[in-house]
Amino acid sequence: MISVKNLYKEFKQDDKVLHVLNGINTEFKKGEKVAIIGPSGSGKSTFLRCINALEIPTSGEIFFKGRKVDAGSNEIDDIRKNIGMVFQHFNLFPHMTILENITFAPITLKIYQPSQAKELGLALLEKVGLKDKWNVHPSRLSGGQKQRVAIVRALMMNPEVMLFDEPTSALDPEVVKDVIELMVDIAKSGMTMIMVTHEMNFVKRAATRVLFMDEGKIISDTTPEDFFGNCENVRISKFLNRLT
């Protein structure tokens with residue numbers, strides 16, 4: 001479904017060049033639930049953002065179902081419709097109600113008629129326990145509620161792939177569980193998911209594959225069982241020990 005070939009990304013900072021991605025090669029198949037984990041600064045979020053061209057690689061190529069992911073191409077909007085993304089900090093429009101937030105894109109892009117979008121939006125909000133909040137603004141929601149709305153907003157586009165960029169990192173610990181349960185439910189639905197996360201409980205419960213990144217490279221690509229149970233890599237063992 002998604003193919004990544006020899007991906008590099010550099011950033012200039014003052015007089016220095018930061019080599020954030022250093023030759024990423026991998027594939028993501030339909031229906032996989034892939035967790036990307038690793039220390040801060042290892043390039044995880046940059047890699048995720050390259051997949052739908054929110055970051056432009058310095059070199060290398062990414063293909064979605066055979067089509068090149070290129071921010072300057074005529075196909076990029078259509079590709080992005082099929083690759084939903086959930087960010088760390090929700091990115092909801094503060095001046096819109098919750099229903100307006102989740103229906104704005106599919107109505108604007110003519111994916112649904114307004115009445116269809118409202119019906120689907122209310123059904124999804126009910127599914128995540130927020131139907132009674134449809135007419136309030138984001139400022140009246142908790143962090144966990146905002147993130148659930150952000151996930152619903154991405155699902156409204158009916159994407160083939162969902163990208164999650166540390167969706168629980170900005171949340172208070174007591175509300176993390178609700179968001180994780182929602183993500184587990186999405187995983188069970190068969191959705192293709194690629195997740196940057198530090199929530200090891202979620203990785204164990206829902207991931208079918210684990211990529212471990214360090215210094216801009218994938219240094220391990222294995223199953224959750226092997227990753228947690230039979231890991232002999234010193235760098236990964238050190239990382240996991242810090243989480244316990």
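**Exercise 1. In which sense do β6 and strand β7 pair, and over how many bridges?**

Solution. The model is predicted: local features need pLDDT of at least 70, side-chain atom pairs count only at pLDDT 80 or more, and totals for chains, interfaces and linings use all residues. Residues are numbered from 1 along each chain as its sequence is written, and side-chain values use heavy atoms, with hydrogens and water left out.

Step 1. Helices (H or I, at least four residues) and strands (E, at least two) are DSSP runs, numbered from the N terminus. Two strands pair if DSSP finds at least two bridges between them.

Step 2. β6 and strand β7 (residues 161-165) are joined over 4 bridges in the parallel sense. Within this pair, Met-85 stands opposite Leu-163 in β7.

Step 3. Helix α5 (residues 143-155) packs on the sheet and touches β6 and β7; contact means heavy atoms within 4.5 Å. The direction of α5 makes about 170° with that of β6. Axes are lines fitted to C-alpha atoms, for helices over the stretch in contact, and angles run from 0 to 180 degrees between N-to-C directions.

**Exercise 2. Give the strand order of the open sheet and state which strands stand at the edges.**

Solution. Step 1. The order of the 6 strands is β6-β7-β8-β3-β9-β10, with mixed pairing.

Step 1. β6 (83-86) and β10 (217-222) each have a single partner strand, so one side of each lacks a neighbour in the sheet.

Step 2. From one strand to the next, the twist averages 20°.

**Exercise 3. Describe the pairing of β1 with β2 and with β4.**

Solution. Step 1. Strand β1 (residues 2-13) and strand β2 (residues 16-28) run antiparallel and are joined by 10 bridges. Ser-3 stands opposite Glu-27 in β2.

Step 1. The two strands form a hairpin with 2 residues between them, and Asp-14 in the turn has a positive phi of about 55°.

Step 2. β1 also runs antiparallel to strand β4 (residues 59-64), with 5 bridges between them. Here Ile-2 stands opposite Phe-64 in β4.

**Exercise 4. Which residue meets Lys-9 in a salt bridge?**

Solution. Step 1. A salt bridge is a side-chain nitrogen of Lys or Arg within 4 Å of a carboxyl oxygen of Asp or Glu. The structure holds 10 salt bridges.

Step 1. The partner is Glu-55, at 3.9 Å, N to O. This pair links distant parts of the chain, 46 residues apart: Lys-9 lies in strand β1, and Glu-55 in the loop between α1 (44-51) and β4.
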